[in-house]
Amino acid sequence: MKPLSLTIQAFGPFAATEKIDFTLLGNNPLFLINGTTGAGKSSILDAICFALYGQTTGNEREPSQMRCDHAAADLPTEITFDFNLGDKSYRIKRSTTQERPKKSGEGTTTQQTEAQLWQLDGSDEGVLLVAKKVNEATAQITSLIGLEVEQFRQVMVLPQGKFRELLMADSKKRQEIFSQLFQTQIYKRIEDNLKAKAAGIRQAVDQHRNQIKGILQTAEVNSEEEIQQELETLKPELAGALNEKEQAAKQQQQVAQHKEQALALKAKFDNLNKKAAELVTKLEFEPVITDKQNALKAAESAQKISHLYQQQIAETEALSKITQQVEQSQAEKETASTQFEQAEKELVDAKAAFSKVDELKKQQIELQQHQARIIELTTARTQLANNEKTLATSQQNLTAKKDQQTLLVNEQSSLETQSTELNKALESLADKQIACESQRQKVEQRKKLESLRDEQAALKQKENKQQTEVDANKTAYESLQKIARQTELTWHAGQAALLAQELQEDQPCAVCGSKEHPNPAKAASGDLLVNKQQVDEARSKETAAHNSMQQSRELLDAAKNEVTNNQKSLTEIEQTLAELATQSLDAVTNSLVLIEADVNALLQQQNTLKQITSRIQEIKSALSNMADELASLELNVTADNELVIQARTSADQLEKLIPAEYQQADHLSTVLKELDISITSLTKALTQAEADQAQKRSERDTSISRHQTLTAQLKEQTQQTEKASNDWNAALTQSSFNDVNAFNTALLSEENQQKLKTEIETYRSERDALQGVVTQLKSELAKQTQPDLEIIEQQLIEVTAQFKAVDDSWRKLEERNNQLKSIQQKLLKAHEKNSELDAEYAIYGTLSEVATGQTGDKISLERFVLGVLLEDVLIQASQRLNLMTNGRYQLVRKEDRASRNKASGLELEVEDSYTGKTRAVATLSGGESFLAALSLALGLSDVVQSYSGGIKLDTLFIDEGFGSLDQDSLDLAIRTLIDLQASGRTIGIISHVTELKEQMALRVDVIGSTAGSSIRTVAA
């Protein structure tokens, strides 16, 4: 990732909008971010980290706390960061949760955090990847760069106070960082999968063992041998029980068949008795069926002549109906003639009255003309009143505007006088601001001097304490060394005495081989012999004391280095402060307070001057606009006065054209309404009379025509009725019926006739069927007798009970036999599965223990891989650290196994060529720690890029730390960074060290002020 540009707005100490164009610094630049303490150098890194991840580099402040207090209320806090990843470019824009003025109305509203991400494709806008969602934008950035925010802080940005974190991290923390950088999660997944697989196998083994126990418990046996023994015992018992069951079943079947035969015979006897009774009952209905047969015959005869009877009735009813219609039409004809004569008379009267309408309409037209003039008069009077009101308003506006003009002229004169006085007072502001900034820097340096003095006292105290500890350890070591030597000499003397005791005359010595022993060694009187264990213990104590003495010397050297480095910094600041170094901090601070008070007072006057100048311009603009407004208002007054005169003239002319009696609109409306009612009434009466006369004529003609038609129909119907009556009387005389009543009694509908036929046929069919069944049953049962079912049923109960008893006995034996065989099969399958699981666990269990670091040196698979990668990182880092420390230090991986069950494999140590020993990285001084951390970060960058094309660590920001280096170390560090830059890295250094500013031509200067900081890019 390489930065292209950074836009900071209302963020941290930056009150306005500041932009850094990194492309102006060249390709892969090595540049310095320079500025005074508190100006905002580190805020640039905070801005980059916030844009990418929504957090600051130190994560010590919430993003919402990063808004600049000096920023304008309507200027939102937001960061825009353009950067390259490989051959692609991106832009991330992020804002914090903040209060902003409402778009309408007073007060503020809360604006929530937002983030947008684009891929820059050469167009103005680019391709929008994320619109507003903060979490989605952060996830996209993490995926693109390949680093979480914590990893980004530790390998691409070294913020203040964070140099030693990656260097001092334990195995677990370093594993988290490296696994993300080197994408070794696959090895962790292998560990997890193997562990889960092994755990699953162990669980399955336990389940199968419990299953075997459960299987035996269900059979109520304790072992598989008991199952086999019980099966052997059951075999003969089961065969005997099966034979008894088959014999009992056969006997039960015979008795059951005998019962079925007896039941069938009894059913036939019962059916015979039932059918015989039904036949007797059926024959009792024979007379009724005969009567129904006779009624059916009479109905069929009446059916043949019923149509003549119906025809005679229909013709008689038609004759009666038409006779009534003829009589009714005669009465209607007479009524219609009378009504027509009355309508003729009313029409003549209406025509006579309508002759007055023309005169009434002429009078109506004249009055409507007067009504139109009254409306015009009313409009004219309203317009006159409106014009007079408008004229009064225009005159008032003109007067008010003239008064306003006078007030503005007076205010302008007063403000110009104040402006002149303030300009004179502000002539010294620039000089006082410079003096204030200079004094502020001196106060900061004086505070640092005070802190260094306190620290120097503490360091000297620490040095003295360490010197005391060295002296004590040295004394203890010399004492234990003397004791160890004496113990060893005593042991040697004792060994010689023991050998001398074994010497014999004329026998060779085991040591020198001589057969002569003139002066054999003797143990000192009263001394106890010293054994080898006592010698080893004395030497062990001596070695431990020596190690303690050596360690305390190393700590003393470190303490002296800290005193020297601190004294160097203290001396530099005292030289810079000169006589101020001897003054108290309160005196220096009070001087700054007084200067700041003067500057703040002048700045307040400056703000007042800006407000006055702005107000004067507003007044001038208002007066310029007011002249045009006054001219316009005067024209309005003149025009409104002319409109009043015109409206008054028009109203006077209209009053003269309207008669006095009609000038009242209500009276004229009443007269017109009465005329309209009279005309409408007369016209409506004539129209109604003409319509009534035409309607009555039509009704009279219709009634005459209808009467003539009905008279002709009556004559024709009379003839038809006489013929139908003669035909019916002749048919009745020839039939078997004595009169009409007998005919009507015999007459039945077709439905009732069909019903009688069905009843007769059903009766005869059922009767014949019953006679046939009774005859057949009597024939079949002639030689049979009724069976005794009670005896047969008792026999069946006895044999069924006997069968159930032997069947229950057989079933119990069969169920137990099947249960035992089933359990044998289940046990066989369970043993086979257990064997498979044992074989599988022998593979996966062993692999899981090795991969998860539960054996040997307790190094997991992923940590082993990361250890190999760490070795590569340390090779690269040590090359740079060795160069920057003049060949003294190299970083190495700790080989010792961790204590107890703590995971190990990624701890670091430093190899010191001055002592030839390795020691913990925590023992390095502040400057040495910085160089070691810088070397580790640079080495990590090299190795990550060589192993992965996905993560590119081609940018590094270093925030402070150079102030802890002496001049030689600083030169070596800078030379290393220059070499790294030549390989294609972009490196930014944040520092206020003067030597760096002199050595580095490319800078981003951060300039602090009381109104907020600003940024200036200095390119070669």
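## Packing of α8 against α15

Helix α8 (residues 286–354) packs with helix α15 (residues 750–780) at an angle of about 150°, and their axes lie 10 Å apart; axes here are lines fitted to C-alpha atoms, for helices over the stretch in contact, and angles run from 0 to 180 degrees between N-to-C directions. Helices (H or I, at least four residues) and strands (E, at least two) are DSSP runs, numbered from the N terminus. The two helices α8 and α15 are therefore roughly antiparallel to each other, a word that applies to angles over 145 degrees, whereas those under 35 count as roughly parallel, 65 to 115 as roughly perpendicular and the rest as oblique.

In this pair, α8 passes α15 in a left-handed crossing, meaning that the near helix is turned anticlockwise from the far one by less than a right angle. On the α8 side the contact is made by Glu 286, Ile 289, Lys 292, Gln 293, Leu 296, Ala 299, Glu 300 and Gln 303, and on the α15 side by Glu 750, Gln 753, Leu 756, Lys 757, Glu 759, Ile 760, Tyr 763, Arg 764 and Arg 767, where contact means heavy atoms within 4.5 Å. These residues divide into six nonpolar, three polar and eight charged (Ala, Val, Leu, Ile, Met, Phe, Trp, Tyr, Cys and Pro count as nonpolar, Asp, Glu, Lys and Arg as charged, and the others, Gly among them, as polar).

## Basis of the model

This is a predicted model, in which local features need pLDDT of at least 70 and side-chain atom pairs count only at pLDDT 80 or more, while totals for chains, interfaces and linings use all residues. Residues are numbered from 1 along each chain as its sequence is written, and side-chain values use heavy atoms, with hydrogens and water left out.

## The chain as a whole

The chain has 20 helices and 17 strands. Its radius of gyration is 65 Å, well over the 31 Å that the globule rule gives for 1020 residues, so the chain is more spread out than a compact globule; the radius is taken over C-alpha atoms, and the rule is 2.2 Å times the number of residues to the power 0.38. Along the principal axes, the C-alpha atoms fill a box of roughly 195 × 145 × 50 Å.

Of the 1020 residues, 36% count as buried (under 20% relative accessible area, with exposed over 50% and partly exposed in between, for a 1.4 Å probe and protein chains only).

## Two alanines with positive phi

Ala 10, found in strand β1 (residues 2–11), has a phi near 55°, a positive value in a residue other than glycine, and at 0% relative accessibility Ala 10 counts as buried. Ala 578, placed in the loop between α11 (532–577) and α12 (585–657), has a positive phi of about 60° although it is not a glycine, and at 41% relative accessibility Ala 578 counts as partly exposed.
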